[in-house]
Amino acid sequence: MAPLAASKKRKQAAAQEQSDASDAEPFPDGGLDMLSEDEGEDGSLPESDNDEVDAFPEIDTGSDTEEGDEEQSGKDDEHSGSEEEDEEDASSDDSLHIFPKAKTVISDITGQPKKVYPEIEPDYDSDSSTEDAPNRVGNIPLHWYDDLPHVGYSIDGKKVLKPARGDELDKFLKTVDDPSAWTSAFDKNTQMDRPLTSQELDIIRRLEALENPDATYDPYEPTVEWFTGKGKEEVMPLSAAPEPKRRWIPSKWEKQKVMKIVRAIRQGRILPSKPKAASSQPQFYAIWNDEPSSSHPPPLTAPKMRLPTHSESYNPPEEYLPAEEERKEWEVTEKEDRERDYLPQKYTALRLVPAYDQFIQQRFSRQLDLYLAPRIQRTKLNIDPDSLIPKLPSPNSLRPFPNHKSLRFAHMRARVRSVSISPDGAWVVSADEEGIVCLWEVMVGREVKRWTLNEKVGAVDWCPRTDVSFFVVGTEEKLHFFIPPNLPPAIQSSTQALLAPVTLPPAPVAPSPVKWTNPPSAATSEKPILSVDLPQSSGLAKHITWHRKGDYFATVCGSSFQSDLCFTLIITTASGEGQGGVWIHQMSRRHSQAPFKKIKGSVQSVLFHPSKPHFFVATQRYVRIYNLAEQKLLKTLTPGIRWISSMDVHPSGDHLIVGGYDRKLCWFDLELSDKPYKILRYHSRAIRSLHFHPTYPLFASSSDDGSIQVFHARVYSDLLTDPLIVPLKILRGHDVREGLGVLQVKWVPKQPWLISTGADSTVAVWCH
């Protein structure tokens, strides 16, 4: 009976509270009679409570203070005990509703007393606490509040102020200090960053991975057989009824309707529409009133008429009225040259203004403006043509380079095809097709020595070594070595010891068809001191190139100056295949060898790399680079020239120029690509010769048009900077004979001077 008595007591307290609701103080001073959690099953309280009822804490409407928390915690400590409660007590407690204490105030409008309850502050256990949305404006555009200090209204109708937000630097510092900043997103409703839940982060991860955002989605779930499962078989379409006859038999009702219309037309009760006759009168339409098509951009608007100025007024100011001289000048001037097509006139009243005499002309001009005005705006690129021309430095700032002919050395009658300069730059050796080899000085052009070989000479080249002095002359199937006169005794003895040693080196293991012999008359300077006999049918040695150390050289041989390749350790190129095609000659061992068993294409020229054991072989269309140490092909260059005539490698070894008979000059960056970096077309006829200067940033090209092109070619050590190629000078001084012009050009090693040979039997020296 104790629990029943307790519940009756609670109901009496609730009834007493409702009866006293109209009083000023709704709650009694002693509080409400409520059983605590410490009462026993019989409803009695412990002895320590002395049968006193707990006082209900008064609700503070201002704020939640720490004192209230301490007081409440004290209350909890006093009544802590058993956590279980009787079910009947719990059911009776649910029917008891406790409200905050109300205040009685005088209304400002009616003047009568009224009760004002404090604001409801639901705790976390209330139903609305799970909705963390202080802004209750609903689903409206939030940009309405951009210019306002608040972002919406709360559940109580109060303004929700915008939180303070720093600048971009503050946002960055906040992301540095807060490790969870990257897992938050900006909430427009509350104007602050809201952390994302693990489910939202998982959805974002799935969207970035192009997956389905639903984690429970199974793309491989079994197919539900709706129509083909067991017991669900149906004949498609869904109805298995037989086709009715009306599907293929003509309808008699449609026939009756058609015949009824036909009879009405025959009786004249239905008149068909008459065909429109072509009108002979012109049709006019406004071209500016067309509706724009959706597939095309809208047309431009019609041009507007010019607004009238003060001078067109019927009563303009005095300063706008023309004087008598200005009026006569305007009348004399042609109509097209007049500044304006009217004269300002002054009238005292608007009713005195006559009819406008230029009305028809003005209307016609307006129609022309509308007719000729563009209806579509076309974008036009305003490009200055000068901006397309590369900005090159002035040739005067790139001096020195040769710009005039200093002297001229003449041969007898034949073409001078080859020339070579000594390593010290003091002597020049030139040879013509009749077998005359001349040695002369660069400074004055004085001839020092002449050799007559009675053979056609195709090439001549000086040995690059400085401790010895000799040059090689290539003739028909032979190579001759000559020592120039007036040498110092030390260089003379070392040269003779190299070319005609007392003790010959041991013979190689593999015999070679190339024979090295010292003629018995080698003591005199009239005859060659050493001769190399090439295999029979090798042809004329047209090209000789030396290795930088001076122990190896190569020659290209062939008939009618269409050469194949020979390697030697001094390298010789000869026509034919196998060992007679490519030869490499070595001076110290007096040995020649053929590194290629078979050569693809007709070899035109060969070169040694200035610093690496690489060898360049130019055929008719390709340039192949071989590694002599590893004996393999490194790269094949494709210049795109129909017939290669000559080539030369830069002293750095990273760039190569190739010339052809089709007037093209190709610059290759060997570290960049196997295609030309730049193609130059400056000559009007075939290119015959190319040569880089060994010390200055210059190179030259000669052509059958009788001209020599001099270029500034600066190569930078920075791989990201392109080479600077600037045309400097066009040298003209050779005559064109039988379609041939300048046949070969060579630079003087220590000076910016150029030596050129031509088909006019002359050799020219060009100086700066």
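A nonpolar core is a set of buried Ala, Val, Leu, Ile, Met, Phe, Trp, Tyr and Cys residues joined through side-chain atoms within 4.5 Å. The views below come from a predicted model.

**View 1. The largest nonpolar core has 23 residues.** Phe470, Leu479, Phe481, Leu499, Trp546 and Met587 are the members that touch the most other members. Several elements each supply at least two residues of this core: helix H10 (489–499) and the strands S14 (478–482), S16 (530–533), S17 (540–546) and S18 (552–559). The largest share is three residues, and it comes from S17.

**View 2. Strand S24 (residues 614–618) is largely enclosed by the rest of the structure, because five of its five residues are buried.** Which residues point one way from S24, and which the other way? His614, Phe616 and Ala618 point one way, Phe615 and Val617 point the other way, and all are buried. Strand S23 (residues 605–608) pairs with S24 in the antiparallel sense over four bridges. Phenylalanine 608 stands opposite phenylalanine 615 in S24. The two strands S23 and S24 form a hairpin with five residues between them. S24 is also joined to strand S25 (residues 623–627) by five bridges, and these two strands run antiparallel. Here the bridge partner of alanine 618 is valine 623 in S25. The hairpin that joins S24 to S25 passes through four residues.

**View 3. Strand S31 (residues 687–692) is mostly covered.** Five of the six residues of S31 are buried. S31 pairs with strand S32 (residues 698–703) over five bridges, in the antiparallel sense. Within this pair, histidine 691 stands opposite alanine 700 in S32. S31 and S32 form a hairpin, with five residues between them.

**View 4. Threonine 757 is found in strand S36 (residues 754–758).** Is threonine 757 buried or exposed? Its relative accessibility is 0%, so threonine 757 counts as buried. A polar atom of the threonine 757 side chain lies 3.1 Å from the backbone oxygen of valine 416. Leaving out residues up to four places away in sequence, threonine 757 touches Val416, Arg417, Ser418, Val419, His734, Val742, Leu743, Gln744, Thr762 and Val763.

**View 5. Asparagine 454 and arginine 663 each have a positive phi, although neither is a glycine.** For asparagine 454, phi is near 55 degrees. Asparagine 454 is found in the loop between S11 and strand S12 (459–462). This residue counts as exposed, because its relative accessibility is 66% and the cut-off for exposed is over 50%. For arginine 663, phi is about 75 degrees. Arginine 663 has its place in the loop between strand S28 (655–660) and strand S29 (665–669). With a relative accessible area of 42%, arginine 663 is partly exposed.

**View 6. Arginine 399 and proline 400 are joined by a cis peptide bond.** The omega angle of this bond is about 10 degrees. Proline 400 is found in the loop between helix H9 (385–388) and strand S7 (404–410).

**View 7. Cysteine 463 and cysteine 666 are both buried.** Cysteine 463 counts as buried because its relative accessibility is 0%. Cysteine 666 also has 0% relative accessibility and so counts as buried. A disulfide is a covalent bond between the sulfur atoms of two cysteines. How many disulfides does the model contain? With a cut-off of 2.5 Å between the sulfur atoms, the count comes to zero disulfides.

Key. Residues are numbered from 1 along each chain as its sequence is written. This is a predicted model: local features need pLDDT of at least 70, side-chain atom pairs count only at pLDDT 80 or more; totals for chains, interfaces and linings use all residues. Side-chain values use heavy atoms; hydrogens and water are left out. Buried means under 20% relative accessible area, exposed over 50%, partly exposed in between (1.4 Å probe, protein chains only). A polar contact is a pair of N or O atoms within 3.5 Å; within protein, one must be able to donate a hydrogen and the other to accept it, and residues adjacent in sequence count only if both atoms are side-chain atoms. Contact means heavy atoms within 4.5 Å. Two strands pair if DSSP finds at least two bridges between them.
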